[in-house]
2 protein chains.
Amino acid sequence: MTALVEEERAADALWTDRFSQRAARATSSVIREFLKLLDDPEVISFAGGLPAPEVFPVQQIMDATRRVLEQHGDAALQYGATEGYRPLRELLVRHMGRYGIEVGPENVLITSGAQQALDLVGKAFINPGDRVVTEDPTYLGAIQAFSTYEAHYVTVPVDDDGMCVNRLEEALRAAPKFIYVLPNFQNPSGVTLSLARRHRLVELAARYGTPIVEDDPYGQLRYNGEHVPAIVKLDADLHGCAHRERSFRGSVIYLGTLSKTLAPGLRIGWVVASAEVVAKLAVLKQGADLHTSTFVQMVAHEAAQGGFLDRHVKVIRRLYAERRDTMLRALERHAPAGVRWTRPQGGLFLYLTLPPGVLAADVLKDALAAKVACIPGTAFHPLGGGTRSMRLNFSYSRPEVIEEGIARLGAVLRRHVADVKPAQTAVSAG
Amino acid sequence: MTALVEEERAADALWTDRFSQRAARATSSVIREFLKLLDDPEVISFAGGLPAPEVFPVQQIMDATRRVLEQHGDAALQYGATEGYRPLRELLVRHMGRYGIEVGPENVLITSGAQQALDLVGKAFINPGDRVVTEDPTYLGAIQAFSTYEAHYVTVPVDDDGMCVNRLEEALRAAPKFIYVLPNFQNPSGVTLSLARRHRLVELAARYGTPIVEDDPYGQLRYNGEHVPAIVKLDADLHGCAHRERSFRGSVIYLGTLSKTLAPGLRIGWVVASAEVVAKLAVLKQGADLHTSTFVQMVAHEAAQGGFLDRHVKVIRRLYAERRDTMLRALERHAPAGVRWTRPQGGLFLYLTLPPGVLAADVLKDALAAKVACIPGTAFHPLGGGTRSMRLNFSYSRPEVIEEGIARLGAVLRRHVADVKPAQTAVSAG
C-alpha cells in the first residue's frame, strides 16, 4: 500500500516538479482563500465583490434566451468570431458613445469578463521584469493577471481624489510599460479620480509617452455627484482624434464589463483600443479560449438592447445607494474614534483605515469569530502595506444585515482601538 | 489633417511599439484568415471544424435554461467558483467513469472550452525554450497556445495507427516537458492511436519520466470499430492507482469538451488531473477569467443530465457517419490516382495527401476559384512540412453539398495531377 501511494506521488510529481516559473510563483488570492471560510451561513460577509442577486434580471435573461434560441438557435450554439458577436460590439459602441467615447466596432473586442481583458493586456505587453504603474491600493485581479507575466510594480498612492497624480511623474521616470488605473469608485478604495487629475494624468502620460489602461467596471454605478468623463475620452480630446468619421487610435486601452450592470455569471467584458491593438489582442484571445460563448453574447445583447441596460442600471443605483448610506450611517454609529473610512460616490466598496498600532489582521480574526467578514488591505498593495486597512463591500447584503454586520464589526473595532489607546497616547506624548 | 493623422498614429504606436516578445511573434492562424475568405455563400467549405447545426439541441438548451433560471436564477447569474459548478464536475466524473477513467470532482477543472485548457497547461508548464513533443501533424490551436509560452517542438510522425511510437524514444531523449497527443480521430489527420501503441506510449513515458497531455475532443464520436481505452486509463492501470477509494494521481492530464457533443457555442471544456495540478491550474484560471460562465455551466449541466448527452451523441454519430461515408465515396469517384486520404473511424476530419510535385497551396487556390475550400496541411506541422496535404471537414455540410464540393475539388485535383504526371514519370524513369 505504501509503495503504491509512493508510486502515485511519483506519477503526480512528474507534473508538480515541472511547473513553469510563473506557475511556481502563482498563489491563490487572499480573497479566494478567505471566501472558503464563509460557508457558515451565520457569517455576514462584506468580503466579496458580489452584486445583489435581488436585482439580477432573471426574467429579462429568460425572455432574451427564448428569443435568441427561437430565432438564431443555430448561430447561438455554433463557434463564433474571436472578436465577438458583431451586434453586441455595435451595442457597446452606441453605449460608450453616449459617454463621449467615440469608437467603431473594429475598436471593440469582447472578452470573457474584464478579468480576461487584464490577462490579454498582460500577455500582449508585459515581458518579464517590465514595470507597470498601479495605484496603491489597486485591484487584486489585475495584480494576479500582470504578475503571471512577471510584471514589476511602481505604485502611486491614492487619496480622496484618486491617484495622487503629483506623485506620478516620479513613477513615469522608471519607464513603465503602461499606467493601470481604476478612475471610478476604485476597487478597493471606493475613491474617484477628479477631473483635474484626469487632465493632468493624460498630459503627463503624453509627455512621457506612457500609455494608460483604464479599468472601468463601476463607472455607471454613480449614486451622487456628477459623471466625470472617462480618461479615454480626455485622451482622445487631447490628441484631437475623437472624430466619428475617423478611426479611433489612442494611448488609452479602456476596459468595460457587463458584470456589474447585467450579471457577473454571464462573464462578458470588453476592450476598447485602436484596431491594430484589438487585432493583436484577438490573436492572443484565439489561443486563450477561441472566443467568448456565442450563446451568452447573444443572450446578453438581446437582454441589454432597447434601452433595458440603462433602465436596469437605474434600479441597481437606487438599491446600492441605499446600502452604501446604510453602511456609512452604521459606521458613524458603531466605529470608534480614530477609525477612518472613504465615502464613495458609487461602486461596491469602501475602504476603512485603523488607527496606528491596530492591525487589520488582528481585527479581522476577531471579526470572523464574531461572524462578520471583510478583506484585509494587504491583498491590494502590490509592494506591501495596507496592514491597517480593510475593504468592505456594501452591494451584496440587505440593509438590515449591513446594520447588524457593522454593529458586530464596531464592537470588535472598539475593543481593539481601546487596547492600543494608552500606547498611542504615550507615543504622541513622547 | 496629415499632422492629425500622424499624431493619431503616434498615440497608437505607444501601444504597438510595446508589444511583448510573445505578442510580437503571435500571428493569426491560417484557418482564421482562411475563414474570412468564406463569406461568399456559394463557397462550399470543408475548411472549418464546425459541428452540424442540424443536430444542435436547441429545444433541450431552451428547456434547460428555463429550469435553471426558474429554480436557481440567482446562482446562475452570480459569480461562481473558479474550479467550476460542482454538479457539472460530478456529472463529468460519472461520464468519464463509464469509460474507465476513475476520478473525483477534485480532479476536474471546468474550462472555457478545451482551448483554455491548452492555454492553462502551457501557462502552468512551459518556460521559454522548453521542448514539447507533438504529433506531426497536430492540432493548430495547441501550437498557438503552447507557442505563446515560447515552446519548442519535437515532433513524431503519424501513420494510419496514429503517432509512430517507435519514433518516440528519440524525441524523449530531448527531455521534453510533456508529450501532447490526440489519440482519437486526430485533428487534422483523422487517424486513431492503436491500443498496442497506447500501451507502448505509457510505458515509454513512464520509463523516461515524461508526462502526457491527452487531448480527446472527439473520443465519443466513433462511427465504426471498437472503443480504445483512453491513455489516462492505461496509465492509471500501469501505475495501479485507479482505485475508487483513493484519489487520482497520475502522469496524464486529460482534456475533454462538450463542444462536439452538446454545442461549441457554450464553450465548456474540462481538465482531468491530480488534485494538486487542478489546484494550480485553478489559480492560473482565476487570473485568466475568474471562472467559466456560471449561467452556461448550469445550463450545460441541466441539458446534459438524465442520459441526454449519451442519447444525443448517438444522433450525432449517425449523422456524421453518413457524411463521412459520403465524402469517402465521393473521393473514390472524383479524386485522380496518386491522391491518398485517411479513412477515419470517427471525428470530423480526413487528411488528403497529393502526389509528389503537386503543392496543396496551388490546388487550394484553384479550388477556391472553383468555390470549394479546405485547409492547407502546412498549418498543422509545427516544424514545417505538410505542403502536399490538406484537411477536409465532413461534419458540417449536408451530404448533397459534400458530393458537389468533392466533385469540384476532384476536377481541380485531376487538372493538377495531370499537369505533373510527365515530370513525375521522368523522375521515376531516371
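Trainee: In this predicted model, which residues does A:Val272 touch, not counting residues up to four places away in sequence?

Mentor: A:Val272 belongs to the largest nonpolar core, where A:Val272 and B:Val272 are the residues with the most contacts inside it. In soluble globular proteins, nonpolar side chains tend to be buried together. Leaving out residues up to four places away in sequence, the partners of A:Val272 are A:Met96, A:Ile101, A:Val103, A:Asn107, A:Val108, A:Val232, A:Ile253 and A:Tyr254.

Trainee: Is B:Met327 buried or exposed?

Mentor: B:Met327 is part of helix H13 of chain B, residues 308-334. The cut-off for a buried residue is 20 or more other C-beta atoms within 10 Å. B:Met327 has 24 C-beta neighbours inside 10 Å, and therefore it counts as buried.

Trainee: Which residues is B:Met327 in contact with, leaving aside its neighbours within four places in sequence?

Mentor: B:Arg343 is 16 residues away along the chain, with a C-alpha separation of 10.0 Å from B:Met327. The contacts, however, are judged by C-beta atoms within 7 Å. On that basis the partners of B:Met327 are B:Leu350, B:Leu392, B:Phe394, B:Ile402 and B:Ile406.

Trainee: Why is strand S11 of chain B described as largely enclosed by the rest of the structure?

Mentor: This strand covers residues 349-353 of chain B. The description follows from the burial of its residues, because the number of buried residues among its five is four.

Trainee: Which residue of S14(B) does B:Leu352 stand opposite?

Mentor: S11(B) pairs with two strands that may be taken in turn. With strand S10 of chain B, residues 340-341, it runs antiparallel through two bridges, and there B:Arg340 has B:Thr353 as its bridge partner. With strand S14 of chain B, residues 389-393, the pairing is also antiparallel and extends over five bridges. In S14(B), the residue opposite B:Leu352 is B:Met390.

Trainee: Which element gives the largest share of the side of domain 1 of chain A that touches domain 2 of chain A?

Mentor: Domain 1 of chain A comprises 7-56 + 310-417, and domain 2 comprises 78-307. Their contact takes 34 residues from domain 1 and 32 residues from domain 2. On the domain 1 side, helix H13 (308-334) and strand S11 (349-353) of chain A each supply at least two residues. The largest share, nine residues, comes from H13(A).

Trainee: Which helix gives the most to the side of chain A that touches chain B?

Mentor: The contact between the chains takes 79 residues from each of chain A and chain B. Several helices of chain A each supply at least two residues to this side, including H1 (2-16), H4 (58-77) and H11 (275-289). By class, the side has 34 nonpolar, 28 polar and 17 charged residues. The greatest contribution, ten residues, comes from H4(A).

Trainee: What rotation superposes chain A on chain B?

Mentor: 100% of the interface residues of chain A are also interface residues in chain B, so the copies meet through the same surface. The superposition has an RMSD of 0.0 Å and 0.0 Å of shift along the axis. The two copies are thus related as by a two-fold rotation axis, and the rotation is 180 degrees.

Definitions and conventions
Residues are numbered from 1 along each chain as its sequence is written. Chains are lettered from A and ligands numbered from 1 in the order in which they are written. This is a predicted model: local features need pLDDT of at least 70, side-chain atom pairs count only at pLDDT 80 or more; totals for chains, interfaces and linings use all residues. Domain bounds come from an automatic or database domain assignment. Two residues are in contact if their C-beta atoms, placed from the backbone, lie within 7 Å. Copies are superposed by least squares on the C-alpha atoms of residues with pLDDT of at least 70 in both. Ala, Val, Leu, Ile, Met, Phe, Trp, Tyr, Cys and Pro count as nonpolar, Asp, Glu, Lys and Arg as charged, and the others, Gly among them, as polar. A residue is buried if 20 or more other C-beta atoms lie within 10 Å of its own, exposed if 12 or fewer, and partly exposed in between; C-beta atoms are placed from the backbone. Two strands pair if DSSP finds at least two bridges between them. A nonpolar core is a set of buried Ala, Val, Leu, Ile, Met, Phe, Trp, Tyr and Cys residues joined through C-beta atoms within 7 Å.
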